[in-house]
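Please look at the model below with the following short report beside it.

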Amino acid sequence: MSYLVWKCLHIVSMVVFLGNIGTGLFWATQAHRARDARLIAATFRSIERSDRWFTIPGVVGIVVSGTAMAMGGGFPILSTGWIVWPIGLFTLSGVVFGAWVAPLQRRISREMEAATSVEAAWNGYAGLYPRWELWGLLSLLTPFASALIMIWKPALPGL
């Protein structure tokens, strides 16, 4: 495939990836404000499902197309700063997602589904949600910064 086709796939994958994370944060905030255990549980189940349908394919598209572009364009991946720094930020996002965001999403879904009363549900959830929001925001900001670096291509040191 041509460099421009890979570039298009890269941009579309990044838009889908960032868009899905941002929308998940938005809908979780809306459900949180409603203080409805069933709505919160349904929202977090939907976020988990959208991660499977959009976030994971977005990651695959970003990695495959980015690697193909770098190789096709003759860019040394590790010594090109505007490539290696976004890879590091993107990797950090994945670590944060896998270590904190996804487990918190599952736990929130389970606890809100099992809740017998709004008060009981809210007490456990109130401690989990701010952590999920913090880690979710970090997992959004790191790939967003990665995208900005890719667009601006500043003179950053490589490895």
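## Two helices side by side

The axes of helix α2 (residues 37-72) and helix α3 (residues 81-114) come within 10 Å and cross at roughly 160 degrees, where axes are lines fitted to C-alpha atoms, for helices over the stretch in contact, and angles run from 0 to 180 degrees between N-to-C directions. Helices here are DSSP runs (H or I, at least four residues), numbered from the N terminus. The two are therefore roughly antiparallel to each other, a term used for angles over 145 degrees.

The contact (heavy atoms within 4.5 Å) involves residues including F44, I47 and V63 of α2 and F90, F97 and M112 of α3. Its residues divide into 14 nonpolar, 2 polar and 5 charged; Ala, Val, Leu, Ile, Met, Phe, Trp, Tyr, Cys and Pro count as nonpolar, Asp, Glu, Lys and Arg as charged, and the others, Gly among them, as polar.

Not counting residues up to four places away in sequence, L78 touches V84, G158 and L159, while S146 touches M14, P86 and L89.

## About the model

This is a predicted model, in which local features need pLDDT of at least 70 and side-chain atom pairs count only at pLDDT 80 or more, while totals for chains, interfaces and linings use all residues. Residues are numbered from 1 along each chain as its sequence is written, and side-chain values use heavy atoms, with hydrogens and water left out.

Key
Parallel < 35°, antiparallel > 145°, perpendicular 65-115°, else oblique.
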